[in-house]
Amino acid sequence: MSGSLTNIYNNVNFALKVNTEAMAKLQEQAATGSRINRVSDDSTSAYKVLKLETQQKSLGNYISTITETMDTLEISSNIIQDIVSSLAEVRTQITQITSGTYSEDARARTAEGVNDILEQVVTLANTQNLGQYIFGGGNTSTAPYSVERADGRISSVTYQGSYEKRNVEVADGMQVNSLLIGDEIFHTNNRGECNFFGNTGSQAGTGTSSVQGDVWLNVTGSTGNWNLSIDGGLTTYSSDGTDTNLAVIDSRTGRVLYVDTTQISETGTDLVRTPGTHDLFGMLISIRDILNNEANLSDSQIKELQITTVSSIEEINNLLVQKEVSIGSKIGFLEDLKDSLTDIKYNAEDESTSLQEADIAQITVDLTRREVLYQMSLSIAGTMMSVSLLDYIQ
């Protein structure tokens, strides 16, 4: 008899335990609204949920990176638009001057306006976003453009940023350049033949010069003993007037201008302009100095240079417009990519939710069934365990 009681006790205890655990699990699911509260609840689904959550986190990081990249590119685009507007203003002023009669004072006022624009564009080119210089390429910690001043005015602007691109990953295996290389944005690179403007008779030599933009060629001395300089007289190169390819070097930059001296007939200052090599800052400096007539040119020479300056402005303007279009295309691409990744992220969230979400209606049915079974187990156990002493003795 004792063996039978032991079996009855063990069976009842097991049934009660199973139903208690089942009810506890169902009550937990009802309270949390989640079907999976621990891996043991459904190991297969739990593994899928873990993978989906990892995917969601990765996609969220990519979306954040894309958002930051788009913000930086939009700031860059806005800056370029502002500079294009400033160049349009300069072009209008130059056109007005060359098409009418303007006094020296009027030219000086225009030069002051150009100088203000120069100061502004240098500041814009050194713009930061999120603590990073946006036109410095891979070098984000140092201002990409440094300036030198003479008498309080900018005399030269030098690019000191990186020529390496700064790429960021915006999707699995996909990178884009988020920070631009300023020297590619504000500097043309399609060298043409050097053009000489002046009365000295200097002409382009047979060599390929490396000077860029506008440089001033100073010719001093006398027939048979000419002295040439392109760095303001810091270094001079002598010619007896028979050199067809005299190398005149700028000691500040190391750049070379090859000059044919055979036609030099008088001293003076010539402007040497190399199409396809202008940079935004050097061009504005040159325009300002021409308007101020710092080279003591004649009125006719000034007017000629003003007319040719418009082509330099157009050269830089065309470059900026091209870069603006390119940036706009990149922003559009990133926006589409962001939308696609967001959709994928939402789908992953929905799938994860469907795997975890508890069916409350079904839980209610199951919980009721388990409670009935639990009560039945207690009732049956009470009946079977009601054994009198006489029954036990027998």
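Student: Which helices each supply at least two residues of the negative patch?

Tutor: Helix 2 (43–99) and helix 6 (299–356) do. Helix 6 gives the most, with four residues. Helices here are DSSP runs of H or I with at least four residues, strands are runs of E with at least two, and both are numbered from the N terminus. Please keep in mind that this is a predicted model: local features need pLDDT of at least 70, side-chain atom pairs count only at pLDDT 80 or more, and totals for chains, interfaces and linings use all residues. Residues are numbered from 1 along each chain as its sequence is written, and side-chain values use heavy atoms, leaving out hydrogens and water.

Student: What makes the patch negative, and which residues form it?

Tutor: Its members are Glu68, Asp71, Glu74, Glu335, Asp336, Asp339 and Asp343. Asp and Glu count as negative (Lys and Arg as positive, with His and the chain ends not counted), so this patch of Glu and Asp residues is called negative. A patch takes residues with over 30% relative accessible area and no salt bridge, joining like charges within 9 Å.

Student: Why is Asp343 called partly exposed?

Tutor: Asp343, which sits in helix 6, has 45% relative accessibility. Buried means under 20% relative accessible area, exposed means over 50%, and partly exposed is in between (1.4 Å probe, protein chains only). The 45% of Asp343 falls in between, so Asp343 is partly exposed.

Student: And Thr67, how do you know its class?

Tutor: Thr67 belongs to helix 2. Its relative accessible area is 26%, so Thr67 is partly exposed too.

Student: What makes Arg252 and Asp250 a salt bridge?

Tutor: The term asks for a side-chain nitrogen of Lys or Arg within 4 Å of a carboxyl oxygen of Asp or Glu. For Arg252 and Asp250 the closest N and O atoms are 3.0 Å apart, so the pair meets the definition.

Student: How many salt bridges does a search of the whole structure find?

Tutor: It finds six. Another one joins Asp289 and Arg288, N to O at 3.1 Å. Asp289 has 13% relative accessibility and counts as buried, and Arg288 at 3% counts as buried as well.

Student: What separates Glu349 and Lys345 along helix 6?

Tutor: About one helical turn, because Glu349 and Lys345 are four residues apart in helix 6. Their side chains meet in a salt bridge at 2.7 Å, N to O. With a relative accessible area of 24%, Glu349 is partly exposed.

Student: How do you know that strand 5 and strand 6 pair?

Tutor: Two strands pair if DSSP finds at least two bridges between them. Strand 5 (residues 166–171) and strand 6 (residues 174–179) are joined by five, so they pair. They run antiparallel, and Val168 has Val176 in strand 6 as its bridge partner. Two residues lie between the strands of this hairpin, where Gly173 takes a positive phi near 80 degrees.

Student: Which residues have a positive phi of about 55 degrees although they are not glycine?

Tutor: Leu130 and Asp151 are examples. Leu130 is in the loop between strand 1 (128–129) and strand 2 (132–133), and at 64% it counts as exposed. Asp151 lies in the loop between strand 3 (145–150) and strand 4 (153–159), and at 84% Asp151 counts as exposed.

Student: Why are strand 8 and strand 12 at the edges of their sheet?

Tutor: The sheet is open, with three strands in the order 8-13-12 and antiparallel pairing. Strand 8 (203–204) and strand 12 (246–249) each have a single partner strand, so one side of each is left without a neighbour in the sheet. Four bridges join strand 12 to strand 13 (residues 256–260), and Val248 is partnered there by Leu257.

Student: Is Thr200 buried or exposed?

Tutor: Buried, because its relative accessibility is 1%. Thr200 is in the loop between strand 7 (195–197) and strand 8. Ile264 is 64 residues from Thr200 in sequence, and 5.4 Å away from C-alpha to C-alpha.

Conventions: Patch = residues over 30% accessible without salt bridge, like charges linked within 9 Å, V, L, I, M, F, W, Y side chains within 5 Å. Areas by Shrake-Rupley, 256 points an atom, 1.4 Å probe, with all protein chains shown as cover. Charge placed at Lys NZ, Arg CZ, Asp CG, Glu CD.
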